[in-house]
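Please open the model in a viewer and keep the selection tool at hand. The stops below may be taken in order.

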Amino acid sequence: MSVRPLLRTGELMELVPGMVATQHSGSGKANQYFLRGFNLDHGTDFATFVDGMPVNMRTHGHGQGYTDINFIIPELVANMAYKKGPYYAETGDFSGAGSAFFTTKASLKQGFGQITLGEDQYQRLLLANSQTNILGGELLYAIEQQSYAGPWSDIDEDVDKINILLKHSQQRWGGKLSIIAMAYDNSWNSADQIPQRAVDAGLIDELGSIDTSLGGDSSRYSVSASWDSQQGSLSVYAIDYDLDLFSNFTYFLDDPVNGDQFEQVDNRQIYGASGHWHLDSQSMRTTFGFDTRFDDINEVGLYKSNNQRRRGAVRSDQVNELSWALYAKNERDWSNNFRTSVGLRYDYYDFDVDSLIERNINDIDLAANNGQQNADLLSIKGSATYKLSDSTEIYVAAGQGFHSNDARGTTTIVDPNDGSQIDPVDPLVKSHGAELGGRFNAGSNLNTSIALWTLSLDSELLFVGDAGNTESSRPSRRKGIELTSYYRINDTWTLDLEYTVTDSTFTDHSEDGDKVPGAINQVAQLGISANFDNGWFASARLRHFGERPLLENNQVKSDPSSIFNAQIGKNWTRFGLKLELLNLFNSNDHDIDYFYSSRLPGEPVDGVEDRHYHPIEPRTIRLTAQYRF
């Protein structure tokens, strides 16, 4: 049974210290992520991998770097490693703020079946087992099904999710060979963010919606193989992905008659490979590595819609996007106390965009937006670590990172909304980071780290998936301090603490102000867990994130948000029970806030500027029963 109580699968990302995973839409959509002063949207500037496969979607229908981890079964995660900052030669695209690497289990000590029942018609079934197969290896298999109506007053989320995992593992050729097949399919209705004025006026309650016809469906099927040894690794993968998403954030602002609902489509196949090899000497290790990826995007599109019926395309494109990278890293122990790591990485990108329509719903000829583009980038990364004692070390790190932009933006010169001329985006956008920190370990009982860091992003043009055009983004700098501590009180009790403070500003001058909207200034998490000899276990977790500016001039801010989750359970020889208490104190804080113009029926045609938010789901109770065999 899971160590942490989880409302959503996406909260697995909060295993990364300082990470916040929220939601502004339906359960099947990728979470909204925050880290190191970044509103990462759905994954931009944070790279995520599962069993060697990239999760971030580039040139995505909804948002660049879209990171949906709903295909992960939490109980089958063996471990999660993470890196902060652009200091590592092995990570490239989207890794400016950091990266996470999930690995699924290869085998189970016991097979199990479990059922979870909860309020609002929550139901989850999971069956998992592993056994030695005829090939002499271990075969793990699992199937998960989840349904959920949600707490909303005027929407039945009608979540229908299924996950299947097959994993064959065996020792081969001096290393471990794994062959993995995954299948994920999900459909849902969405309760999107709502305007504050509609709640204040009594038009809807806090669990209501303006447009009740929103939702989506998504699927992901993959096959991958990996080989890992002490000297190197090699992995290959193929992914088939699909998303169909309906949203409406401004209601009747752009179209007072039909409304502003839009549909975003993404259908693609992804093929890729990565690997590395170590060359060792007495005091030095040199690593050479590569990765390559090809996105064969059959369609990435934006349509105007009403009640989930298409009215016409704003744009619909076929895209081929190829990237490859080579890197080298040298790690050297200069003495028993001093070691360094220096890396060099080269990335190359090729974009090919071809419109699937001649003229769009606005009667604009989009032929000029077809084209090809390419770009490359050389990045230098490094760190130095000095060991003060057997328990304490200090380090300094610096490096260059980047994120790719949507391929459509690299060739777009005609705005599909009004036909005006616009500038194409920069294909690759650089970031520069540095960090000074220390680590302290007192045996196996206490592990503490502290870091002072800074990260700067260049000015850029961004492709806006919700509009199909580009907009300018200002150069920015984020700096902060992070404290992480894990304390094993005794064989039963464990305590962990995470605290971050961040200052995020634009570095150019503007009368609009210099604050980065959506950048959280403080994040704190406190957790305690206990595992007793008689089979009882319990854990509780408090997550708090502070106010954040919603406008550059800082005149409108979000309120702080806190949530407390807890669980208690008991394991017997074959049976287990777990009770989860999610949002135990029934906080009515917000998962996320925005400030922008929207229009409700009867309001002025130019709309009303207002706070829009998505509430934290009310307190809910879930009971899990497990049988092991």
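This is a predicted model: local features need pLDDT of at least 70, side-chain atom pairs count only at pLDDT 80 or more; totals for chains, interfaces and linings use all residues.

Residues are numbered from 1 along each chain as its sequence is written, and side-chain values use heavy atoms, with hydrogens and water left out.

Stop 1: Select β1 (20-22) and β3 (38-39), together with strand β2 (residues 32-35). Strands here are DSSP runs of E with at least two residues, numbered from the N terminus. These 3 strands form an open sheet in the order β1-β2-β3, with antiparallel pairing. β1 and β3 stand at the edges and have a single partner strand each, so one side of each lacks a neighbour in the sheet. Two strands count as paired if DSSP finds at least two bridges between them; β2 and β3 pair over 2 bridges. Within this pairing, F34 stands opposite N39 of β3.

**Stop 2: a hairpin and the strand beyond.** Next, select residues 122-132 (strand β9) and 138-148 (strand β10), which pair in the antiparallel sense over 10 bridges. Across the pair, R124 faces Q146 in β10. β9 and β10 form a hairpin with 5 residues between them, and G136 in the turn has a positive phi of about 90°.

**Stop 3: positive phi in loops.** Most residues other than glycine have a negative phi. Select D51, in the loop between β4 (46-50) and β5 (53-54); its phi is positive, near 50°. D51 is buried, with a relative accessible area of 11%. Buried means under 20% relative accessible area, exposed over 50%, and partly exposed in between (1.4 Å probe, protein chains only). Then move to N583, in the loop between β31 (575-582) and β32 (590-598). N583 is not a glycine, yet has a positive phi of about 55°. N583 also counts as buried, because its relative accessibility is 2%.

**Stop 4: a charged patch.** Which residues form a negative surface patch? Select D156, D158, D160, D185 and D217 to display it. D185 lies in strand β12 (residues 175-189) and counts as partly exposed, at 34% relative accessibility.

Notes: Patches are made of residues with over 30% relative accessible area and no salt bridge: like charges are joined within 9 Å, nonpolar side chains (Val, Leu, Ile, Met, Phe, Trp, Tyr) within 5 Å. Accessible areas come from the Shrake-Rupley method with a 1.4 Å probe; for residues, only the protein chains shown count as cover. A salt bridge is a side-chain nitrogen of Lys or Arg within 4 Å of a carboxyl oxygen of Asp or Glu. Lys and Arg count as positive and Asp and Glu as negative; His and the chain ends are not counted. The place of a charge is taken as NZ of Lys, CZ of Arg, CG of Asp or CD of Glu. Helices (H or I, at least four residues) and strands (E, at least two) are DSSP runs, numbered from the N terminus.
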